[in-house]
Each structure stands twice: as structure tokens, then as C-alpha cells.
Amino acid sequence: MYFTDRGIEELSDRRGGEEVSVGWLAERLREFVDLNPEFETPIERLATWLARLDDEDE
């Protein structure tokens, strides 16, 4: 188990029944990076990965 799994588990437990838009998620990610600029690169990678999930070329 990775350390991040605890945060992912908490997210699922607390908000797993909710539906959110991609726009809402993008705003939350922007807010997070504004508050925690040291995480800009990992958030960029996550956002890019999510954006390209359905790309067959990769």
C-alpha cells in the first residue's frame, strides 16, 4: 500500500457517492496548486493523465 492510498481511501469513503463535473475538479486542482505550489508538477501530470485516458495512441 502506498502512502497516497490512505488519502484515496478517505476520498472514496467521504465523497464516493457524489458526482462532480470535470470543470469542478479542474477548479479544485487549481485551488490546490495555488495553496501548494510545490505540487504543481504532480498535479500537472495527474491532470494530463486524466485528460488522455481514452487516447488509443498512448
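Arg15 is partly exposed, with a relative accessible area of 41% (buried means under 20% relative accessible area, exposed over 50% and partly exposed in between, using a 1.4 Å probe and protein chains only). Welcome to a predicted model, in which local features need pLDDT of at least 70, side-chain atom pairs count only at pLDDT 80 or more, and totals for chains, interfaces and linings use all residues. Residues are numbered from 1 along each chain as its sequence is written, and side-chain values use heavy atoms, with hydrogens and water left out.

**Helix 1**

- Helix 1 covers residues 4-15 (helices are DSSP runs of H or I with at least four residues, strands are runs of E with at least two, and both are numbered from the N terminus).
- How many of the 12 residues of helix 1 are buried? The number is zero, so helix 1 lies largely in the open.

**Salt bridges**

- The structure holds four salt bridges (a side-chain nitrogen of Lys or Arg within 4 Å of a carboxyl oxygen of Asp or Glu).
- Arg15 takes part in one of them: its partner is Glu18, and the closest N and O atoms are 3.1 Å apart. Glu18 is partly exposed, at 41% relative accessibility.
- Arg14 forms a salt bridge with Glu10, with 3.0 Å between the closest N and O atoms. Both residues lie in helix 1, four residues apart, which is about one turn of the helix.
- Arg14 counts as exposed at 67% relative accessibility, whereas Glu10 is partly exposed at 41%.
- Glu27 and Arg30 form another salt bridge, where the closest N and O atoms are 2.6 Å apart. This pair belongs to helix 2 (residues 22-35), and its members are three residues apart, about one turn of the helix.
- Glu27 is partly exposed, with a relative accessible area of 37%, and Arg30 is partly exposed too, with 49%.

**Pockets**

- Rolling a probe the size of a water molecule over the atoms shows where empty space is left.
- The largest pocket has a volume of about 920 Å³. On a 1 Å grid over the protein atoms alone, a pocket is an open set of points with protein on both sides within 12 Å along at least five of seven lines, while a cavity is a set where a 1.4 Å probe fits but cannot get out; lining residues have an atom within 4 Å of a point. Grid points are joined across faces, edges and corners, and a volume is the space filled by probe spheres set on the points.
- Which residues lie nearest the centre of the largest pocket? They are Ile8, Leu11, Leu25, Leu29 and Leu46, out of 20 lining residues. Helix 1, helix 2 and helix 3 (40-51) are the elements that give two or more residues to this lining.
- By class, the lining of the largest pocket has 13 nonpolar, four polar and three charged residues (Ala, Val, Leu, Ile, Met, Phe, Trp, Tyr, Cys and Pro count as nonpolar, Asp, Glu, Lys and Arg as charged, and the others, Gly among them, as polar).
- The second largest pocket has a volume of about 270 Å³. The elements giving two or more residues to its lining are helix 2 and helix 3.
- Among the residues lining the second largest pocket are Val22, Leu25, Leu29, Arg30, Ile43 and Glu44. Its lining divides into nine nonpolar, no polar and three charged residues.

**An aromatic pair**

- The structure holds one aromatic pair. The rings of Phe32 and Phe39 have their centres 5.6 Å apart and their planes at 45°, so the pair is tilted (rings of Phe, Tyr and Trp, with its six-membered ring, pair if their centres lie within 6.5 Å; planes under 30 degrees apart count as stacked, over 60 as edge-to-face and the rest as tilted).
- Phe32 is partly exposed at 34% relative accessibility, and Phe39 is partly exposed at 37%.

**Loops**

- Glu19 sits in the loop between helix 1 and helix 2, and is exposed, with a relative accessible area of 80%.
- Glu38 sits in the loop between helix 2 and helix 3, and is exposed at 57%.
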